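Dear colleague,

Please find below the structure that I am handing over to you. My notes on it follow directly after.

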Amino acid sequence: MVQRNTWQRERVREALSDARGFVSAQSLHATLRDENTGIGLATVYRTLAGLAAQGNADSLQSPEGEALYRACTSTGHHHHLICRSCGLTVEIEATDVEQWAKRTAERHGFRDAEHVVDIFGLCGSCAAAADDQRDAERDAH
């Protein structure tokens, strides 16, 4: 998908780069709306889809099924560790996963198989905060 490089698309690209972790199109649109840019939700969706198709943005589905996007910081195939609480994202290599996916596909007669692996959990900071909150609630009772 070839898109003209308009100021609106450039502003969406900048907003995506400024975002921490993965964001939804709606969330990015709300940020742009708060800045009174006048950029419509349809433009945000089209721009994000185009960036993902060109390899300039990572795209994944949240556990709730919502499409999320992030400015791509590396080239080539990679995976993500994603904090469910704050959205912190770490790009990882997963050699064991790559080998397993290839073996599994071949074992079932598949060729040219592709896969997506994203791991959701709590980052160290959010896990510690959750532990502190749980301890405080336990001490209050």
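Strand E2 (57–61) and strand E4 (79–83) each contribute at least two residues to the lining of the largest pocket. Helices (H or I, at least four residues) and strands (E, at least two) are DSSP runs, numbered from the N terminus. A pocket is an open set of points on a 1 Å grid over the protein atoms alone, where a 1.4 Å probe fits, with protein on both sides within 12 Å along at least five of seven lines, and lining residues have an atom within 4 Å of a point.

This is a predicted model, in which local features need pLDDT of at least 70 and side-chain atom pairs count only at pLDDT 80 or more, while totals for chains, interfaces and linings use all residues. Residues are numbered from 1 along each chain as its sequence is written, and side-chain values use heavy atoms, with hydrogens and water left out.

The largest pocket has a volume of about 350 Å³; a volume is the space filled by probe spheres set on the grid points, which are joined across faces, edges and corners. Its lining comprises 19 residues, and Asp58, Ser59, His77, His78 and His80 lie nearest the centre. E2 provides the largest share of this lining, four residues. By class, six lining residues are nonpolar, 10 polar and three charged. Here Ala, Val, Leu, Ile, Met, Phe, Trp, Tyr, Cys and Pro count as nonpolar, Asp, Glu, Lys and Arg as charged, and the others, Gly among them, as polar.

The second largest pocket holds about 220 Å³ of space. Of the 15 residues that line the second largest pocket, Ala101, Lys102, Ala105, Ala113 and His115 lie nearest its centre. This lining has seven nonpolar, two polar and six charged residues.

E2 also belongs to an open sheet of three strands, in the order E1-E3-E2 with antiparallel pairing. Strand E1 (23–24) and E2 each have a single partner strand and stand at the edges, so one side of each lacks a neighbour in the sheet. Two strands pair if DSSP finds at least two bridges between them. E1 and strand E3 (residues 67–71) run antiparallel and are joined by two bridges; Ser24 has Leu68 in E3 as its bridge partner.

Finally, Ala127 is located in helix H5 (residues 124–140). Ala127 and His108 are 19 residues apart in sequence and 39 Å apart in space, C-alpha to C-alpha.

With kind regards
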